[in-house]
Amino acid sequence: NADGTPTPMVLHGAPSAPGTVYIITDDTNFSGDTFGVWQWTDSTGVAAPTLVGYADLATATGVTANFPIDQTQLGTPVAIQANDVRTLDAEWRNGHLWLTHQMSCNIGAGAQGCARWAEVDPSDASVVQAGVVSIFGKSISFPNLAVDANDNMALGFTVMGPSKRPSVYIAARMSGDAPGTLRDATQVRGGDIIYSAFDGSPGRWGDYSGMTADPDGQHLWY
């Protein structure tokens with residue numbers, strides 16, 4: 001298909017229709033703004049997945065995705081790649097799909113790295129809620145999310161900038177919080193040293209990070 005980078009759902013809890021598999025894809029324009037939702041009811045047979053529709057995250061958030069830009073870090077001119085706008089994670093929980101990806105946006109001081117997340121209804125690819133997280137003057141990259149049994153969600157990511165070494169951050173929301181919002185980002189571990197890439201500048205920082213739900217349905221691990 002013309003869509004690219006199929007991402008199968010990480011399954012948490014029981015699916016609403018046993019045997020049904022959902023897949024997220026980048027759209028045909030590789031825009032980072034709309035993502036295809038595919039349903040596969042015959043994953044062990046020969047029938048192909050079918051397109052449910054496209055989740056429009058640009059409309060849902062009011063922010064258009066721009067291609068990620070190289071990121072700077074404290075103490076060195078070596079920049080770090082932020083790769084591209086593809087989906088970095090997609091999960092199933094309680095009948096809905098959750099996804100996240102990185103991009104660049106402008107919150108008042110020029111382009112910088114930011115991350116977008118969304119909750120999507122797979123029955124029609126409509127966006128239930130979505131948001132963009134950014135930190136003024138710093139870049140966010142490689143986000144990954146997970147959702148617990150009660151629809152509380154946490155998003156982990158890297159933060160860096162001219163005054164900051166690459167560091168680990170978490171932002172989260174409780175299920176009862178206002179739709180599309182995250183609570184303030186919290187630093188979990190500050191960067192200890194300058195990242196010196198083996199491949200020159202911009203250096204490859206990695207393609208992803210990992211957030212996952214504990215089998216107890218109550219804890220999330222990053």
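**Exercise 1.** Find the residue in E14 that stands opposite methionine 153.

*Solution.* Start with the terms. A strand is a DSSP run of E with at least two residues, numbered from the N terminus. Two strands pair if DSSP finds at least two bridges between them. Now look across from methionine 153: arginine 173 in E14 stands opposite. Next, take the strands themselves. E13 covers residues 153-161 and E14 covers residues 164-173. They pair in the antiparallel sense over 8 bridges. Last, trace the link: a hairpin of 2 residues joins E13 to E14.

The model is predicted: local features need pLDDT of at least 70, side-chain atom pairs count only at pLDDT 80 or more, and totals for chains, interfaces and linings use all residues. Residues are numbered from 1 along each chain as its sequence is written, and side-chain values use heavy atoms, with hydrogens and water left out.

**Exercise 2.** In which sense do E14 and E15 pair, parallel or antiparallel?

*Solution.* E15 spans residues 186-189. With E14 the sense is antiparallel, over 3 bridges.

**Exercise 3.** Work out the strand order of the open sheet of 5 strands, then find its edges.

*Solution.* The order is E2-E8-E9-E10-E11, with mixed pairing. The edges are E2 (10-12) and E11 (126-133). Each has a single partner strand, so one side of each lacks a neighbour in the sheet. From one strand to the next, the twist averages 25°. Axes are lines fitted to C-alpha atoms, and angles between N-to-C directions run from 0 to 180 degrees.

Now zoom in on E2. E2 pairs with E8 (residues 87-93) in the parallel sense over 3 bridges. Leucine 11 has tryptophan 92 in E8 as its bridge partner.

Technical notes: Helices (H or I, at least four residues) and strands (E, at least two) are DSSP runs, numbered from the N terminus.
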